[in-house]
Amino acid sequence: MRVNLTVNGSAEAVDDVWEGESLLYMLRERMGLPGSKNACEQGECGSCTVYLDGVPVCACLVAAGQAEGRAVVTVEGLAEGPPGGERLDPVQEAFVEAGAVQCGFCTPGLIVQSHDLLARNPAPSDAEIREALAGNLCRCTGYEKILDAVRLAARRGATS
Ligand code: FES
Ligand code: FES
């Protein structure tokens, strides 16, 4: 089947999508957007988090066909400039500067989730950050650097 959707601001038509295919598979394997990661494919880790109509979702749990007519933003789309732009979003920048990236597998999902948190709540408490990121698992960092990154982005007014 064909799926028509907007991805990172561009109207796209994707052909040959099969009915059981996930949005994550379509983004990564058919659209050349490998930023969203496939770690568990079961909705457990959050590494595949993307915005769907402005709401963070696990792309591995969304059927590609469900994205018909909708707007998806991936971690690539947060960078400024043209899609896949070179200038990092302030949340992306804060993750790099705070040393919150080790293997990087969890990072795209954490960045999208943190971006959403700061858009809703520009000055979150530590408890609010932990709650917002509770569905995003990281096996490397021990989470402290991730908290530092979100605090840093918040101090800088990441989404203002
Ligand atoms: S790959 Fe989607 S939640 Fe883990
Ligand atoms: S940096 Fe490796 S899983 Fe988070």
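Predicted model: local features only at pLDDT ≥ 70, side-chain atom pairs only at ≥ 80, totals over all residues.
Asp53 is partly exposed, at 43% relative accessibility.

Asp53 pairs with Arg70 in a salt bridge, and their closest N and O atoms are 3.0 Å apart.

In the whole structure, the search finds eight salt bridges. I will show two others.

The next one joins the side chains of Glu97 and Arg156, at 2.6 Å from N to O. This pair links distant parts of the chain, 59 residues apart: Glu97 belongs to helix H3 (residues 90–97), and Arg156 to the segment after helix H6 (144–155). Glu97 counts as partly exposed at 48% relative accessibility. Arg156 is partly exposed too, at 42%.

Then there is Asp126 with Arg151, a salt bridge whose closest N and O atoms are 3.0 Å apart. Asp126 has a relative accessible area of 36%, which makes it partly exposed. For Arg151 the figure is 24%, again partly exposed. This pair is also part of a network of salt bridges that links Asp126, Asp148 and Arg151.

Now the domains. The assignment gives domain 1 as 3–77 and domain 2 as 90–158. Their C-alpha centres lie 21 Å apart. On the domain 1 side, 15 residues are in contact with 13 residues of domain 2.

How much area is buried between the two domains? The value is about 1,100 Å², and carbon and sulfur atoms give 61% of it. Within domain 1, Thr49, Tyr51 and Val75 lose the most area to domain 2, together 43% of what that side buries.

How many salt bridges cross this interface? The rule finds zero between domain 1 and domain 2. It does find five residue pairs in polar contact across the interface, both residues at pLDDT 80 or more. Strand S3 (residues 49–52) provides three residues, the largest share of the domain 1 side that touches domain 2. By class, that side has six nonpolar, seven polar and two charged residues.

That is the set I wanted to show.

Terms used:
Residues numbered from 1 in each chain as written. Chains lettered and ligands numbered in written order. Heavy atoms only, no water. Domains from an automatic or database assignment. Contact = heavy atoms within 4.5 Å. Buried area = accessible area lost by both parts, 1.4 Å probe. Salt bridge = Lys/Arg side-chain N within 4 Å of Asp/Glu carboxyl O. Polar contact = N/O pair within 3.5 Å; in protein donor to acceptor, adjacent residues only side chain to side chain. Helix = DSSP H or I, 4+ residues; strand = E, 2+ residues; numbered from the N terminus. Nonpolar A, V, L, I, M, F, W, Y, C, P; charged D, E, K, R; others polar. Buried < 20%, exposed > 50% of the residue type's maximum accessible area, 1.4 Å probe, protein only.
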